[in-house]
Amino acid sequence: CNVKVMAPVSFVSKYQFWKQNAFQKRIPYSETVYGVDVLRPSFFYLPKFLRPLNGFFYFFSVLPSVLKVRRGYKFDMIYAVNAFPDGFAAAMLGRFLNIPVVVQAIGTDINVYTNLYFRKKAILWALKRCASVISVSKAMRQRLVGLGIDEGKILVSYNGIDRRLFR
């Protein structure tokens, strides 16, 4: 299995302009971690203002990096953790590249953001276009079904470890 990871970082976190010696503390754009290539493009967003647009900002911020990787590595799926803005941007990328997307719903994205009109619309648009949705609990699965997500494409995968295997 050949895996490449793209873990976008907010431009605020990446550059930390307000901190002393900020340029020495930059998060690297690319590195290899335990044999896996990791890219960290920065994504733009507007804190506190126009948050419903953050999914679009995320998509357009990472698109050049995704296209660059795609030229040399024909990945066959996109996996995103968090339905918004990550999952929304992933669904847009999946549509653009015509490849399947899997989004993991982890909590606030479903339990809080779906109470906000525009974010709810974006989340539902994205999740309805995903090949699969991963839920971290049965309760969240039921919430997703209640929001109109096809229960046949929701997989429950609990966060945690098997202590018998990992000591």
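Me: Where is the place of Asn82 in this model?
Reply: In the loop between E6 and H3. The model is predicted.

Me: What makes the phi of Asn82 worth a remark?
Reply: Phi is near 95°, a positive value in a residue other than glycine. Most residues other than glycine have a negative phi.

Me: Which loop holds Tyr34, and what is the value of phi there?
Reply: Tyr34 lies in the loop between E3 and E4. Its phi is near 50°, again positive in a residue that is not glycine.

Me: Why is Tyr34 called exposed?
Reply: Its relative accessibility is 85%. Exposed means over 50%. Tyr34 therefore counts as exposed.

Me: What separates the C-alpha atoms of Val66 and Leu39?
Reply: A distance of 9.6 Å. Along the chain the two residues are 27 apart.

Me: What stands opposite Met6?
Reply: Leu39, in E4.

Me: How do you know that E1 and E4 pair?
Reply: Pairing needs at least two bridges. Three bridges join E1 to E4, residues 36-39. The two strands therefore count as paired. They run parallel.

Me: What is the order of strands in the open sheet?
Reply: E1-E4-E3, three strands with mixed pairing.

Me: What makes E1 and E3 edge strands?
Reply: Each pairs on one side only. Strand E3 covers 30-33.

Me: How many degrees are neighbouring strands of this sheet turned against each other?
Reply: 25° on average, direction ignored.

Me: What makes the peptide bond from Phe84 to Pro85 cis?
Reply: Its omega is near 0°. Most peptide bonds are trans. Pro85 is found in helix H3.

Me: Which pocket lists Pro85 among the residues nearest its centre?
Reply: The second largest pocket. Tyr45, Arg51, Asn54 and Tyr113 are also on that list. The lining has 13 residues. The volume is about 240 Å³.

Me: Which helices each supply at least two residues of that lining?
Reply: H3 and helix H4 (108-111).

Me: How is the lining of the second largest pocket split by class?
Reply: Six residues are nonpolar, three polar and four charged.

Me: What is the volume of the largest pocket, and how many residues line it?
Reply: About 660 Å³, with 23 lining residues. Lys4, Met6, Met77, Ile78 and Tyr79 lie nearest its centre.

Me: Which elements each supply at least two residues of the lining of the largest pocket?
Reply: Strands E1 (4-6) and E6 (78-81), with helices H2 (54-72) and H3 (83-97).

Conventions
Residues are numbered from 1 along each chain as its sequence is written. This is a predicted model: local features need pLDDT of at least 70, side-chain atom pairs count only at pLDDT 80 or more; totals for chains, interfaces and linings use all residues. Side-chain values use heavy atoms; hydrogens and water are left out. On a 1 Å grid over the protein atoms alone, a cavity is a set of points where a 1.4 Å probe fits but cannot get out, and a pocket is an open set with protein on both sides within 12 Å along at least five of seven lines; lining residues have an atom within 4 Å of a point. Grid points are joined across faces, edges and corners, and a volume is the space filled by probe spheres set on the points. Helices (H or I, at least four residues) and strands (E, at least two) are DSSP runs, numbered from the N terminus. Ala, Val, Leu, Ile, Met, Phe, Trp, Tyr, Cys and Pro count as nonpolar, Asp, Glu, Lys and Arg as charged, and the others, Gly among them, as polar. Axes are lines fitted to C-alpha atoms, for helices over the stretch in contact, and angles run from 0 to 180 degrees between N-to-C directions. Buried means under 20% relative accessible area, exposed over 50%, partly exposed in between (1.4 Å probe, protein chains only).
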